[in-house]
Amino acid sequence: FEKTKDVAKRLVDSFTHVTPVYSYNAQMMNTRFGKAGDLCILSPKSQGMRHQTLQEAERVGPGKLFDVMVIYPCTGNTAAKLANGIVDTPVLLAAKAHLRNGRPLVIGISTNDALGINFKNIGKLMNMKNIYFVPFGQDDCVKKPNSLVCDGKQVVDTINEVMAGRQIQR
């Protein structure tokens with residue numbers, strides 16, 4: 001999750017408007033990776049907007065609030081729900097509302113089961129219109145053979161390529 005903070009800082013430094021959308025887990029769940037709310041430190045550069053509830057996330061579609069949306073990190077659970085149309089968190093509802101407007105969604109995958117049970121969901125997402133991926137690869141092919149993690153250092157470059165209508169290739 002330290003990588004997430006680094007990516008958030010790069011986004012804020014690179015773009016004029018950045019509006020965070022926080023999952024319920026990031027807001028409320030203590031895990032071995034950090035305490036609840038630790039990742040909710042990104043101060044929005046978008047007139048104080050922040051989306052932490054389903055009601056707030058619902059405004060993304062009608063308001064056409066984002067030029068591009070990024071889900072980082074995108075867990076296997078989030079990828080599976082998105083691929084199958086389940087929108088029960090602020091992040092997923094915002095993504096669905098954003099895609100409804102034909103705008104690009106960038107996914108920074110990070111899951112231990114990408115090459116296992118979640119492979120079909122990632123494949124579905126790769127085949128969907130307006131969904132792009134941050135370049136990714138195996139993080140430890142010996143100890144975690146099914147795991148894939150994106151390169152967080154390429155999130156900004158991915159967004160720039162997406163805004164030009166291209167999937168980044170590295």
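Predicted model: local features only at pLDDT ≥ 70, side-chain atom pairs only at ≥ 80, totals over all residues.
Residues are numbered from 1 along each chain as its sequence is written, and side-chain values use heavy atoms, leaving out hydrogens and water.

**H5 and H7**

- Helix H5 (residues 76–83) packs against H7 at about 55°, and their axes are 9 Å apart; axes are lines fitted to C-alpha atoms over the stretch in contact, with angles from 0 to 180 degrees between N-to-C directions.
- Ala79, Ala80, Leu82 and Ala83 of H5 meet Asn121, Lys124 and Leu125 of H7, contact meaning heavy atoms within 4.5 Å.
- By class, this contact of H5 with H7 has five nonpolar, one polar and one charged residues.

**Asn130**

- Asn130 sits in the loop between helix H7 (119–126) and strand E3 (131–133); helices are DSSP runs (H or I) of at least four residues, and strands (E) of at least two.
- A polar atom of the Asn130 side chain lies 3.5 Å from the backbone oxygen of Gly102.
- Not counting residues up to four places away in sequence, Asn130 touches Leu99, Gly102, Arg103, Pro104 and Leu105.

**Lys64**

- Lys64 lies in the loop between helix H4 (60–63) and strand E1 (69–74).
- Lys64 has 49% relative accessibility and so counts as partly exposed, between buried (under 20%) and exposed (over 50%), with a 1.4 Å probe and protein chains only.
- Beyond its neighbours within four places in sequence, Lys64 contacts Asn101 and Arg103.
- Lys64 and Arg103 are 39 residues apart in sequence and 8.9 Å apart in space, C-alpha to C-alpha.

Note on methods. Polar contact = N/O pair within 3.5 Å; in protein donor to acceptor, adjacent residues only side chain to side chain. Nonpolar A, V, L, I, M, F, W, Y, C, P; charged D, E, K, R; others polar.
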